[in-house]
Amino acid sequence: MEGMQKAVKWYPPSYDIRVEHVPIPKVQHPDDVIVKVQLAGLCGSDLHIYRGHEDVDAELICGHEFVGTVVEMGGSFGSHAQQRPELYRTLRLGDKVVSPFTVSCGECHFCRVGFTCRCMHSVLFGIPALPGGQAQYVRVPKAGGTLFKVESVTAASKDGSVSCLADSSLLLLADILPTGVFAALQVLQHAKTSPMLTASPYPFGGFDRILTLAIVGLGPVGVCAAVSLLDMLSGIQQTKDVQYRVVAIDPNESRRAKMTKIAEAIGASRKSFAVADIPQAKRTVSEWTSGIGCNAILEVVGNNSALELAYGLVRPFGSVSSVGVHQEPPLPFMGRDLYNKNISFDFGRCPVRAMLPIASKILAKYQAVFGSIGEKISLIERVVSLEDAPKSYELFDKGKCGKILFDPWK
């Protein structure tokens, strides 16, 4: 393909977003695919580069969330691609695809065991080395191990059809919904949570059948984490007769209001789910637990104030699942602090492909939240043109808007 395209570009050192015409990307390697972008997302992680926190000193095309159609493929694709990931044999021009926010080959040790975000060939979209998806076209390296067809997630919808899943909601599978699932799964599968899920003495379980959990941060990822956690806890309650209480925390009033409306819409009980600012959350956790703290915390902000709050809320022998992207400042506690409370911290990036089966089911089940746009309970607030990117970044950075998608052809 030849010609020029529109793209959202960031310039160093910070807060400089421009919409420019740049060359349409070309296949550079036989494993590459070129995707015509239908929708791209503005993610909280984009703000780290926007604010100049990522030590990036070169201009770049922004964005790591996109859904689109395949318009060009490298020579690795076709029936001859034996003993390689299936998509090398089955992908066709015109297929609608979603891309995780990082490249994964599907063939190395980490990909084979499901830790796809740490693939030996992993590269993040939206950095100088790999132009991002806030553009009309994007190049996807190792595409046979990275992309997934939209049809591969439709089995989770109520009737198995693509039409049941809004295109806008499919984009959420690129990052924030699987990341929310990952945050929830890490605390519910943790060895230190097992005493509340079983009836055997530690280290195999215990007799306290009440789980008390907190979510720190109610931006788009926090909402995804909350919906995912409540869905999983509902299933656990039915199968294991375990009671649970969750407090969702954010200092931003509009985010709390949105989360409250969503919780009501999906049937969360006010007795087991509370939305609070920081002082209220501390009081609630103290009242619920007689002062001992939460079993586990989902930290989805990615800064030291959120970590300090998580440390303060979690009980001894608790765990913290931190999926926020942290920056330069050292952690606000020492090894001794963790030792003194027997706290386990899990940091890191979500392996999107491994989370896809669970995330797809949650996406289909809660289309009222994930599939609608601009409604009171919609996660996605609006769809705008690429020309609106500078203002959208500014509003999102100041917490004055929710999830925004870009239509590159608008």
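Asp-32 and Arg-139 are both buried in this predicted model, where buried means under 20% relative accessible area, exposed over 50% and partly exposed in between, using a 1.4 Å probe and protein chains only. Asp-32 forms a salt bridge with Arg-139, with the closest N and O atoms 3.0 Å apart; a salt bridge here is a side-chain nitrogen of Lys or Arg within 4 Å of a carboxyl oxygen of Asp or Glu. Asp-32 sits in the loop between strand 2 and strand 3 and Arg-139 in strand 7, so the pair ties together parts 107 residues apart in sequence. Helices (H or I, at least four residues) and strands (E, at least two) are DSSP runs, numbered from the N terminus.

The structure holds 19 salt bridges.

Another of these pairs is Asp-231 with Lys-365, at 2.7 Å from N to O. Asp-231 lies in helix 8 and Lys-365 in helix 13, so this pair ties together parts that are 134 residues apart in sequence. Asp-231 is buried, at 18% relative accessible area, whereas Lys-365 is exposed, at 53%.

As for the numbering, residues are counted from 1 along each chain as its sequence is written. Because the model is predicted, local features need pLDDT of at least 70 and side-chain atom pairs 80 or more, while totals for chains, interfaces and linings use all residues, and side-chain values use heavy atoms, leaving out hydrogens and water.
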